[in-house]
Amino acid sequence: MPRLESAAAFHAYSSELSLKELTPSTLSLYRQRLRSFQTWLQDRPISANAAKQFLAELRENSYSQKSVKAYYVPIKSFLEYLSIPFKLKFRYQRHLPAYHPTQHIEKLLQAADNRTDTWAKLKDRDKLIILSLAYTGLRRAELARLRPCDIANDYIYVRSGKGDKDRVIPLAQDLKDPII
């Protein structure tokens with residue numbers, strides 16, 4: 001496929017992407033990754049083999065497997081849009097989330113406790129926010145959307161969390177007294 005036809009295919013798919021239910025940031029990332037693939041293609045024809053080569057080069061250039069997968073998803077969708085089957089299997093190593101050391105949490109609590117500015121009257125609220133994030137693993141947006149009715153029976157009920165999924169988190173003993 002000459003470069004002009006390739007550019008037309010990418011442009012048409014970019015317009016198609018706008019119709020999908022993607023967040024603006026995801027849409028922007030998909031387009032950026034597709035532009036990288038398009039630039040890499042130069043005069044090569046668009047094919048599943050070319051996509052495999054592109055992803056292999058990313059891996060050779062020390063891209064992490066997670067990053068390669070992030071490029072794979074929009075490229076796979078683009079190739080399927082062109083009726084070109086493309087499927088790769090990725091092996092994942094599961095990693096436990098990184099936890100903040102107790103000293104970091106204590107420093108944050110101490111900083112909140114030592115406030116002397118106009119917001120100092122909200123020290124208790126700030127410390128509760130820090131402890132809630134540390135003990136529950138709530139995401140920032142989930143904590144911001146939390147309502148009193150979402151805390152019951154020693155559990156925190158997160159509604160429409162990441163990926164629009166609901167989940168239940170046990171309430172840590174140290175949070176029960178200040179929250180309940």
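Are H3 and H4 roughly parallel or roughly antiparallel to each other?

Modeller: Before we zoom in, remember this is a predicted model, with local features needing pLDDT of at least 70, side-chain atom pairs counting only at pLDDT 80 or more, and totals for chains, interfaces and linings using all residues. Residues are numbered from 1 along each chain as its sequence is written, and side-chain values use heavy atoms, with hydrogens and water left out.

Now the pair. Helix H3 covers residues 48-60 and helix H4 residues 65-81, and their axes come within 10 Å and cross at roughly 165°. Helices here are DSSP runs (H or I, at least four residues), numbered from the N terminus. Axes are lines fitted to C-alpha atoms, for helices over the stretch in contact, with angles from 0 to 180 degrees between N-to-C directions. So H3 and H4 are roughly antiparallel; the cut-offs are under 35 degrees for roughly parallel, over 145 for roughly antiparallel, 65 to 115 for roughly perpendicular, and oblique for the rest. The crossing of H3 past H4 is right-handed, meaning the near helix is turned clockwise from the far one by less than a right angle.

Who does the touching? On the H3 side, Ala48, Ala51, Phe54, Leu55, Leu58 and Arg59; on the H4 side, Gln65, Val68, Tyr71, Tyr72, Ile75 and Leu79. Contact means heavy atoms within 4.5 Å. By class, this contact has 10 nonpolar residues, one polar and one charged. Nonpolar covers Ala, Val, Leu, Ile, Met, Phe, Trp, Tyr, Cys and Pro; Asp, Glu, Lys and Arg are charged, and the others, Gly among them, are polar.

Neighbours within four places in sequence aside, Ala48 is in contact with Leu79, Ile84, Pro85 and Phe86.

Ile75 and Leu55 also turn up in the largest nonpolar core, of 26 residues, where they, Phe37 and Phe78 touch the most other members. Such a core is a set of buried Ala, Val, Leu, Ile, Met, Phe, Trp, Tyr and Cys residues joined through side-chain atoms within 4.5 Å. H1 (3-17), H2 (24-41), H3 and H4 each supply at least two of its residues. With neighbours within four places left aside, Ile75 is in contact with Leu34, Phe37, Ala51, Phe54, Leu55 and Phe86.

Terms used. Buried means under 20% relative accessible area, exposed over 50%, partly exposed in between (1.4 Å probe, protein chains only).
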